[in-house]
Amino acid sequence: MDFSYSPQEEGFRTDLRAWLADALPPGWGETVFEPEDEDERAMFRLAWEKKLHAGGWSGINWPVEYGGRGATLVERAIFAEEMARVGAPEGLNIIGHNLAGSTILRHGTEAQKQYFLPRILSSEDVWCQGFSEPNAGSDLASVRTRAERRGDTFIVNGQKIWTSFAQYSQWCFALVRTDPDAPKHKGLSFLLIDMKSPGISIRPLRQISGECEFNETFFDDVEVPVDNIVGDINDGWRIAMTTLAYERGPEDALGRQIRFSQELEKLIDTVAATPRGDAMLIEDPIVRQKLARSVTEVEVMRLNAVRTFSKYLNGDDRGPDASVIKLYWSHAAQNMYEAAMDILGPTAPIAAPDPLSAGGGRFQLSYLQSKAFTIYSGSSEIQRNIIGERMLGLPR
Amino acid sequence: MNFGFNEEQKSLGDTVAALLADFPALTGPDPAQARDPAVWQALADLGLFALLVPEAHGGVGLTLVDVALAIEALGAGLAPPIAASTMIATDIIVREGTAAQQASLLPRIATGELRIALAMLENGQGYDPDAVQTVMGGNGVTGSKILVPDADIADLLLVLSRVDGGVGLVLVARDARGVSIRHHADIDPSSGLCEVTLDGAALMDDALVGHAGSGDVVPRLMDAAAIVYAGMAMGMAARMLDAAVDYAKTRVQFGQPIGAFQSIKHRCADMAVAVEAGRSAAYYAFWTAAENDPDRSRSASMAKAYCGEVARDVCNETVQIHGGMGFTWELGLHRFLRRAKVLEHGFGNHVWHYERIMAETLAAQAAGDKAQAA
């Protein structure tokens, strides 16, 4: 066990810090913040992602031949730490990088890798995920969106739901039914669909936070070239499981942990500056207990991810440990925002742009957003089934 | 960077676990039967107490990371607390002891000749080491210590005491003049918890470990002990999780193993997540202590607070999953419940450590703001 870094790893960190010092807008995080408007914010994040790419900081641990930096998972962890340290913006093409890219890298054809991966890293193509349907949520294998093969194309008909960022996406990967007569897990295929194809329409869905990040996506006789299948026909379930392992895995968790640790630091600053009676709120022992518990849980989130990175580096396969990571961070983050609302006390219900809202209303918004954590990329109940059955060997 | 254990470290854990398994009474239902003195000798013969002693003093010169899994095994096997106490004391003497103390004590620790108990808490004083009233003066040490594990079988007592206006650690022989020992009535009779009354207790020659009032000796002791206790708590939690899962696979109700019911399966899954999370916290803290990293105190407090809560919760759930059997004396789950409670309250409970984490976090955040402003 060794948490120290090699000279090469330290060099990576130094280079990144030097680059970041020039790349972030002056006053970033102090006087300059992300735009309030949802669409403007999305474009701001996209621009940041493109800047990272132009600087050579996209696809840290992806192979050089597909546009990546060819660095290690450890350097990817360092990258995450440094982004946290400066409070860097998030990206927009997270699904492209973490899910589409990772899946294509693992299961795609050489032609698919050559075409798609560099475009993902440059965020020329933003991606969305077509898995869930109105009647296929936790029971994902019961998707009904049909893809019928006619010559060199699939004709896709059906509806996907909760498609985050579909409105900004050039591409969508989708789990579709190619054999309606086979058992439900055995008749599925994994398709890459151009969002400009005729027959695709999207309708925004409003979330409990009031935002419209996700959508319903409709496919009406959409033509998809057969070359855009990943894996074999009717082998889509296996491919989708890879996608889910990345969606729930340590890379994703570490990226999120950045944001949670930033928010927690902001929460502590806010609480430290908030008077309560004759004292400051930060002096309240109950408040301190709640904050310290979240400080611990957010740190454990990081340690869980780094520990799992090490398992992979030491040659272990990706398995149900991804579910352990996801179940942990999702509940720990929800606890943190629940604690934030508790701690802020009487003014907690006041939202932005009311001048009396605490922290500019950010904690309340994050609290509402956090309700999604234990639902998306497999609800907690599904994660517990996976851990119980595949890790602990309990009967189905 | 690597967050994994090597083969030697894993094998050390397995060896200690296998040795303790040879003493079934350790985890048997009756805590009063669980204080077999042969266990100490067996662990000493194995060389456990030489591991942290530098080679120059007849030991192996390993670090706390090297012994982390062995410490988990001590927890899982409900080993006599004097084993862990002696290892914690060894760490302090290696890090903070004078050359003379190291030369006289470490070779005897390595062979298992010296058992060292840790005398910290006092009635009415809470967990804070700075609050102790016991005082070292010209006539020896005077004060009263409570909840000292295995004090009655120790050779030496490492006593937290006021020294020259500060707080330090002093060594007192258990059979010295002015030392009297009384067993507590307590939740875990296998921990050998004692009240130790020091009435001008005679000091050993060269009794003061490190420097009182200044230096790192007391914080290092609190951190090392917190980390070792956290490690033992995780060993117990992992063992209880295994017990719960095994039972859920075999116990049949309503025509199927109860582990097929989501109400049970999901509890087991939550426990598994808690055990993994606790281990992440504990292993990282072992590393910070081994390296004396600046993050040592914060990570030690995180490990102690968090792992204490995990062990408590997993022990509670395991009893629940075993139903009526879980509540029986014979099955012996209560032994883990009892020991977990002792570990939870030793060297600061979660409330004390969460407060310490907050103080460390605010100090670090203020230092960061200052650095940014400059």
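**Figure 1. Aromatic pairs in the predicted model.** Over all chains, the structure holds 26 aromatic pairs, a pair being rings of Phe, Tyr and Trp (its six-membered ring) with centres within 6.5 Å. In chain A, the ring centres of A:F116 and A:W171 lie 4.8 Å apart and the planes stand at 85°, so this pair is edge-to-face; planes over 60 degrees apart count as edge-to-face, those under 30 degrees as stacked and the rest as tilted. The pair links distant parts of the chain, with A:F116 in helix α5 (residues 110–121) and A:W171 in strand β4 (residues 171–177), 55 residues apart. Helices (H or I, at least four residues) and strands (E, at least two) are DSSP runs, numbered from the N terminus. This is a predicted model, in which local features need pLDDT of at least 70 and side-chain atom pairs count only at pLDDT 80 or more, while totals for chains, interfaces and linings use all residues; side-chain values use heavy atoms, without hydrogens and water. Residues are numbered from 1 along each chain as its sequence is written, and chains are lettered from A and ligands numbered from 1 in the order in which they are written.

**Figure 2. Area and contacts between chain B and chain A.** On chain B, 46 residues are in contact (heavy atoms within 4.5 Å) with 45 residues of chain A. The two chains bury about 4,300 Å² between them, 64% of it on carbon and sulfur atoms; buried area is the accessible area (1.4 Å probe) that two parts lose on being put together, summed over both. B:M1, B:F3 and B:K265 supply 20% of the area that chain B buries against chain A, more than any other three residues.

**Figure 3. Salt bridges between chain B and chain A.** Across the interface there are 6 salt bridges, each a side-chain nitrogen of Lys or Arg within 4 Å of a carboxyl oxygen of Asp or Glu. The side chains of B:R298 and A:E299 meet in a salt bridge at 3.3 Å, N to O.

Figure 4. The elements of chain B that give two or more residues to the side touching chain A are α6 (217–250), α7 (262–291), α8 (296–321) and α11 (350–373). The largest share of that side, 16 residues, comes from α7(B).
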